[in-house]
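Welcome! Keep the structure in view and try each task before reading on.

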Amino acid sequence: MKKSPPKNPGAMTDTTLRKRAEAIAHASHTDVGSMSPKEIQRLVFELQVHQLELELQNEELRDTQAQLQQSRDRYADLYDFAPVGYISVDNDGIILEANFTACSMLGVERESLLGSKFSSFVVPESQDTSYLYWRDVFATSHRQICELKLCRPDDTFFTVRLESIIRKTPDLLSPRCRTALVDVSDVNQAREALNMLNANLQDRVSSQVKQIELLAKAMEGLGEGVIIATD
């Protein structure tokens, strides 16, 4: 169980000083009562110096703890509120870690998301792609990328771009996969709209080309008195 810091740092200092004094007394093998005033002054001076050292060390420790807390807060903010989702997945497809962006993207609270299978969010038509993707991810150390169509618990659909890479460290019994999720639904919709616009434009150009060709033939036939009818 994690021990909470002492409520009174001075009490710990006093206890430490007492132990220090006892150690010095035992080491000297001399009864304090039999010590000369000069020796007693030297002993008191050593204890005062040691107390100052402890106070300085405690101050440095508090400063270090404050800096560590600030670093943790900055890291948590950077991780949880990043513009893309981050998850960690094991080789069984279980989500082990997730930032707030990923939770919001998938429409699930973090407590419910952790321990669930990523495949539960994949729509049926993307299941094969998802299976092959995760198989390749854990079979190689190279970054893998793919797009999958997912479904939230509220039955809304969206498309994500996944970028994954394996993380292997000595303290982990099995490899974990770090994955970034980027919602590309708007990009795909814009791409489809652009494709439709291009297709319509090509049809209009083809139609105009045909009309120009017919007009050219009609003008060529005017001299021969030929009338070309169009549908």
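**Exercise 1.** Find the salt bridge between Glu163 and Arg143, then work out which residues are linked with them in a network.

*Solution.* Step 1: the side chains of Glu163 and Arg143 meet at 3.8 Å, N to O; a salt bridge here is a side-chain nitrogen of Lys or Arg within 4 Å of a carboxyl oxygen of Asp or Glu. Step 2: this pair links distant parts of the chain, with Glu163 in strand 4 and Arg143 in the loop between helix 5 and strand 3, 20 residues apart. (Helices, H or I with at least four residues, and strands, E with at least two, are DSSP runs numbered from the N terminus.) Step 3: Glu163 also forms a salt bridge with Arg161, at 2.3 Å from N to O. Step 4: Arg143, Arg161 and Glu163 are therefore linked in a network of salt bridges.

A note before you continue: this is a predicted model, in which local features need pLDDT of at least 70 and side-chain atom pairs count only at pLDDT 80 or more, while totals for chains, interfaces and linings use all residues. Residues are numbered from 1 along each chain as its sequence is written, and side-chain values use heavy atoms, leaving out hydrogens and water.

**Exercise 2.** Decide whether Glu163, Arg143 and Arg161 are buried, partly exposed or exposed.

*Solution.* Step 1: recall the cut-offs: buried is under 20% relative accessible area, exposed is over 50%, and partly exposed lies in between (1.4 Å probe, protein chains only). Step 2: Glu163 has 22%, so it is partly exposed. Step 3: Arg161, at 29%, is partly exposed as well. Step 4: Arg143 reaches 51% and so counts as exposed.

**Exercise 3.** Now turn to Gln144: where does this residue lie, and which residues is it in contact with?

*Solution.* Step 1: Gln144 belongs to strand 3. Step 2: its relative accessibility is 19%, so Gln144 is buried. Step 3: leaving aside neighbours within four places in sequence, its contacts (heavy atoms within 4.5 Å) include Tyr133, Leu162 and Glu163.

**Exercise 4.** Trace the partners of strand 1.

*Solution.* Step 1: strand 1 runs antiparallel to strand 5 (residues 176–183), joined by 6 bridges; strands pair if DSSP finds at least two bridges between them. Step 2: Ser88 has Arg178 in strand 5 as its bridge partner. Step 3: strand 1 also pairs with strand 2 (residues 95–98), antiparallel, over 3 bridges. Step 4: 5 of the 6 residues of strand 1 (residues 85–90) are buried, so this strand is largely enclosed by the rest of the structure.
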